[in-house]
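I opened the model to see how the chain is built. My notes run from the whole chain down to single contacts.

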Amino acid sequence: MSTEGSRRRDVTVADVAKAAKVSKAQAARALGNYGAVSDDVRERVLAAAEELGYRPNELARSMNTGRSNTLGVVVGDIENPHFGLATRGITDTAKKSGYNVILINTDEEKQAEVDAVRVLLDKRVDGLIVAPASSTDFPHLREVQESGRPLVLLDRAAEGLEVETFAVDMGPVSYESTKQLIGLGHLRIAFVSTLKSEQPYREGMALESSQIADRVDGMRRAFQEQALPFPADLVRLNAGDAGSIKAVARDLVTGPDPATAIIASDGLIALSVVEAIQESGLRIPDDISFIMYDDFAWTRLISPPLTVIAQPVYEMGRAAASALIRRIEGRPAAASGPELHPRLIQRGSVGAPRTALEGTLSLG
């Protein structure tokens, strides 16, 4: 017994062939746009397909043509606006070139990334864009490269893996921002990251994310240049959810030797850190200076507006998608890639530390 709400049987190639009065093989070639078929047969098949409401079986078509017109994208945290904006750049570019996108989130877990890559390969995506959870441990990505499946990396590098990588070099801007803070008198500068680590940060330890490693290295170089000790105890990793981020921030600003400035490695961290500072009864920048990576509209709307390190995130996503599509279609790589440079944008959240101001007043 059937009802109006029952699922209608999918229209098949055989149904289209019967309506068009051609063979199933002819209909398949006309619908898949491959092989030899006359204009008359093509017109009859397409007309029949439209009349019947035929929808192609994408998996079957990909098996015939070797192409699915689909890109697989793997990122660490889709809740993070950074990855949301990069993904928008990818999808906008893919759509213009006739590609669909399958997006998988990994929560920055390496095993989840391995599983995501396997799922996307099983779905016969034409190529992969991956923001690797680890820049040092990635055998699954090496296997993709060796298989010949097009692969590009987004946001982070994979050391020794020779694939196109679209990421911003954070070392120089980290150095610049830290140098400016030191120039104002800040010697206790904290850095907060979600990067997962089995142990607390110690100076010189290897970090799995190339992005975070570059940022910490830039900070360290700024201190080293001034012959000052690098405050490694203020580099905090594993800042996961809002609760843990706020706990880290409270510890940084209320400890026996508190931070006088905090640098947040992304927008989600920044929101929780600012909230924790406010809950502690402190004011930005009077009591503590604050800088965050990435520039979003809300950073200009709060009081004071936040000093940020802006990245061309949307352009990074567009560039990654364009490069991947060129590889899929066998076109040569661009002579030169887009310039992906970060910028330190000064606003109102940075000032001299209270201790430096008090010293100036006492001298006067």
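**Ground rules.** I am working from a predicted model, where local features need pLDDT of at least 70, side-chain atom pairs count only at pLDDT 80 or more, and totals for chains, interfaces and linings use all residues. Residues are numbered from 1 along each chain as its sequence is written, and side-chain values use heavy atoms, with hydrogens and water left out.

**Whole chain.** I looked up the secondary structure and found 14 helices and 11 strands. Helices (H or I, at least four residues) and strands (E, at least two) are DSSP runs, numbered from the N terminus. The C-alpha trace spans about 95 × 50 × 35 Å along its principal axes. The radius of gyration is 26 Å, while a compact globule of 364 residues would have one near 21 Å. That radius is taken over C-alpha atoms, and the globule rule is 2.2 Å times the number of residues to the power 0.38. Buried residues make up 45% of the 364. Buried means under 20% relative accessible area (1.4 Å probe, protein chains only).

**Strand β1.** I checked residues 70-75 next, and 6 of the 6 are buried. Thr70, Gly72 and Val74 lie on one side, with Leu71, Val73 and Val75 on the other. β1 runs parallel to β2 (residues 100-105), joined by 6 bridges. Leu71 has Val101 as its bridge partner in β2.

**The open sheet.** I traced 6 strands in the order β7-β6-β8-β9-β10-β11, with mixed pairing. Two strands pair if DSSP finds at least two bridges between them. The edges are β7 (235-236) and β11 (343-345), each pairing on one side only. Inside the sheet, β8 (residues 261-264) and β9 (residues 289-293) run parallel, with 4 bridges. Ala264 is partnered with Met292 of β9. Helix α8 (residues 171-184) packs on this sheet and touches β6, β8, β9, β10 and β11. Contact means heavy atoms within 4.5 Å. The direction of α8 makes about 30° with that of β11.

**Helix pair.** How do α2 and α3 cross? The axes of α2 (residues 24-32) and α3 (residues 39-52) come within 9 Å and cross at roughly 80°. Axes are lines fitted to C-alpha atoms, for helices over the stretch in contact, and angles run from 0 to 180 degrees between N-to-C directions. The two helices are therefore roughly perpendicular (65 to 115 degrees). Gln26, Ala27, Ala30 and Leu31 of α2 meet Val41, Arg42, Val45, Leu46 and Ala49 of α3.

Note on methods:
Parallel < 35°, antiparallel > 145°, perpendicular 65-115°, else oblique. Buried < 20%, exposed > 50% of the residue type's maximum accessible area, 1.4 Å probe, protein only.
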